[in-house]
Amino acid sequence: SEETDGRAAHALKRKLIDCTLALVAKGCVAPGMAALCRFASVESDRVLLRHTCLRLLSLAAPPYAASFGRQLMGLLSIHRMREAVRTAPAAQRELVVGAVRQLILDHPPIAEAAAWLEEMRRSEAESGGGARA
């Protein structure tokens with residue numbers, strides 16, 4: 001059925017994300033991050049996008065390398081990923097915001113990080129502080 005196909009496609013995408021993240025964790029960072037960016041630029045499922053972002057952050061620990069920080073901001077700057085984070089439940093959104101704040105502390109020259117945080121602040125103020133699913 002169509003519903004079964006949709007669930008299977010979702011499960012397969014999630015497995016591919018997890019495999020890509022495993023490669024990133026093993027040191028294959030640049031190609032893995034490039035693949036995650038390509039995925040985020042075409043995927044519309046916010047749940048999968050949030051999963052990608054949150055799993056990535058669970059694998060990385062501060063202090064972040066500058067190169068990883070630039071790649072992370074590249075991923076978070078993709079419109080679909082930004083929207084997935086912006087509409088995430090508050091606890092999930094705060095994990096990402098906290099990582100970006102840490103990135104700014106570790107590497108102040110990464111200007112995209114400060115701009116991204118400002119956009120999240122504006123969005124939260126416009127929506128009254130509540131996230132939508």
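The lining of the second largest cavity comprises 5 nonpolar, 1 polar and 2 charged residues. The model is predicted, and it holds 2 cavities of 30 Å³ or more.

**Second largest cavity**
- The space in the second largest cavity amounts to about 40 Å³.
- Its lining is formed by Arg 50, Cys 53, Leu 54, Val 85, Ala 88, Gln 92, Arg 93 and Val 96.
- At least two of the lining residues come from α3 (46-59), and at least two from α6 (90-106).
- Val 85 belongs to this lining and is also among the residues with the most contacts inside the largest nonpolar core.

**Largest pocket**
- The volume of the largest pocket is about 160 Å³.
- α1 and α3 are the elements that give two or more residues to the lining of this pocket.
- The residues that line the pocket are Val 24, Ala 25, Val 29, Leu 56, Leu 59, Ala 60, Ala 61, Tyr 64, Ala 65 and Phe 68.
- In composition, this lining has 10 nonpolar residues, with no polar and no charged ones.

**Largest nonpolar core**
- The largest nonpolar core contains 33 residues, and those with the most contacts inside it are Leu 56, Met 73, Leu 75, Leu 76, Met 81, Val 85 and Trp 116.
- Two or more residues of this core are given by each of α1 (2-25), α2 (29-42), α3, α4 (66-76), α5 (79-86), α6 and α7 (111-126).
- Apart from neighbours within four places in sequence, Leu 75 is in contact with Met 33, Leu 36, Cys 37, Ala 40, Leu 56 and Met 81.

**Cis peptide bond**
- The peptide bond from Pro 62 to Pro 63 is cis, and its omega is near 0°.
- Pro 63 is located in the loop between α3 and α4.

Key. Residues numbered from 1 in each chain as written. Predicted model: local features only at pLDDT ≥ 70, side-chain atom pairs only at ≥ 80, totals over all residues. Heavy atoms only, no water. 1 Å grid on protein atoms, 1.4 Å probe; cavity = no way out; pocket = protein on both sides within 12 Å on 5 of 7 lines; lining within 4 Å. Points joined across faces, edges and corners; volume = space filled by probe spheres on them. Helix = DSSP H or I, 4+ residues; strand = E, 2+ residues; numbered from the N terminus. Nonpolar A, V, L, I, M, F, W, Y, C, P; charged D, E, K, R; others polar. Core = buried A, V, L, I, M, F, W, Y, C linked by side-chain atoms within 4.5 Å. Buried < 20%, exposed > 50% of the residue type's maximum accessible area, 1.4 Å probe, protein only. Contact = heavy atoms within 4.5 Å.
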